[in-house]
Amino acid sequence: MQTVKMVVTGPFSAGKTAFIQSVSEIDVVSTERKITDATSRVKKETTVAMDFGRITVDDDLVLYLFGTPGQKRFDFMWEILSEGMLGFIVLVDSVRPETFREARRILDVFRHYADTPYVVAANKQDLEDAWPPEDLRIALKVSPDVKILPCVATDKESVKNVLLELLYTILEKTPPEEE
Amino acid sequence: MAQSRTEQMIARLKDLQVNTPDIEASAVVSVDGLIIASALPPDVEEDRVSAMSAAMLSLGERIASELGRGVLDQVYIRGANGYVILSAVGEDAVLTVLARQNAKLGLVFLDMRRAAEDFSRLI
């Protein structure tokens, strides 16, 4: 049995917790707490430590998903959660361009932690004013060889697609281990 | 002159440290990791301490309930040079205390519990 650890990161309110909750086959270990500052206008609860979910792909492969908090004050958790990851997903809220700069910064921070494959998921594509993935590529200055995938974090199939794309990227770039 | 709530909380934290000299520093932070009031040494970054306290408490609560230990009372961390003790203040805040290596923990716990009760009234 092979286990693959993936980290789901991205700015505050990008949809990381929803992403993991949509697809996990176990009750997600989430650490949401009531928001007490002005960002409570955006949403009522925020992740303060981590989310953890699991997906069995087949008999030989299990994905472990670790979601990070979004706010920079929790960046010590980013570092802890990134240990041993084989790839990561940067989730971006496609309708909030004011968060794109932060998304880019988080992407760089995670690339610095480990030289692993990653994909960018353009979340909330079901909303009318969502930026198309290719426009996001320009806005975030994502290199052409990195996948930017359309995503709706509340839709299981959409989340699965993002995870499989990252998985393929990991398998392509990681030479198979000697038995 | 009437004190603001923050001033009252800082005064209460200082009280705690005077009454229990084993307690070297203390802070009250919100459950989403923002500082409410602190009596921490100047070299401690209070933003980081508050975020870490919230993260640790939330994991503590999850593991206590996941493993059938009920509602979390406190999280206790022992390092070679002393203790970090976190205890919930109502539903919205956490009291974080740094205590000396040879601290009398019974006394520390008792005073923390009393302080937490006072803070839950102030918040």
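**Exercise 1.** At 27% relative accessibility, does A:Tyr113 count as buried, partly exposed or exposed? Then classify its ring pair with A:Phe110.

*Solution.* Keep in mind that this is a predicted model.

- Step 1: Buried means under 20% and exposed means over 50%. A:Tyr113, at 27%, therefore counts as partly exposed.
- Step 2: A:Phe110 has 0% relative accessibility, so this residue is buried.
- Step 3: The two ring centres lie 5.2 Å apart with the planes at 80°, so we call the pair edge-to-face.
- Step 4: Both residues belong to helix H3 of chain A, three residues apart, which means about one helical turn separates them.
- Step 5: Zoom out, and ring pairs join A:Trp78, A:Phe88, A:Phe110, A:Tyr113 and A:Tyr118 into a cluster.

**Exercise 2.** Work out which parts of chain A the pair A:Phe52 and A:Phe66 ties together.

*Solution.*

- Step 1: The geometry is tilted, at 4.9 Å centre to centre and 50° between the planes.
- Step 2: A:Phe52 sits in strand E3 and A:Phe66 in strand E4 of chain A, so the pair links parts 14 residues apart in sequence.
- Step 3: Check burial: A:Phe52 is buried at 17%, and A:Phe66 is buried at 16%.
- Step 4: Look over the ring of A:Phe66 and you'll find the charged end of A:Lys5, 4.5 Å from the ring centre.

**Exercise 3.** Find the edge strands of the five-stranded open sheet in chain B.

*Solution.*

- Step 1: Write down the order, E2-E1-E5-E4-E3, with antiparallel pairing.
- Step 2: E2 and E3 of chain B each have a single partner strand, so one side of each lacks a neighbour in the sheet.
- Step 3: For E3(B), the pairing with E4(B) runs over six bridges.

Notes
Residues numbered from 1 in each chain as written. Chains lettered and ligands numbered in written order. Predicted model: local features only at pLDDT ≥ 70, side-chain atom pairs only at ≥ 80, totals over all residues. Heavy atoms only, no water. Pairing = 2+ DSSP bridges. Helix = DSSP H or I, 4+ residues; strand = E, 2+ residues; numbered from the N terminus. Phe/Tyr/Trp six-rings, centres within 6.5 Å; stacked < 30°, edge-to-face > 60°. Buried < 20%, exposed > 50% of the residue type's maximum accessible area, 1.4 Å probe, protein only. Lys NZ or Arg CZ within 6 Å of the ring centre and 35° of its normal.
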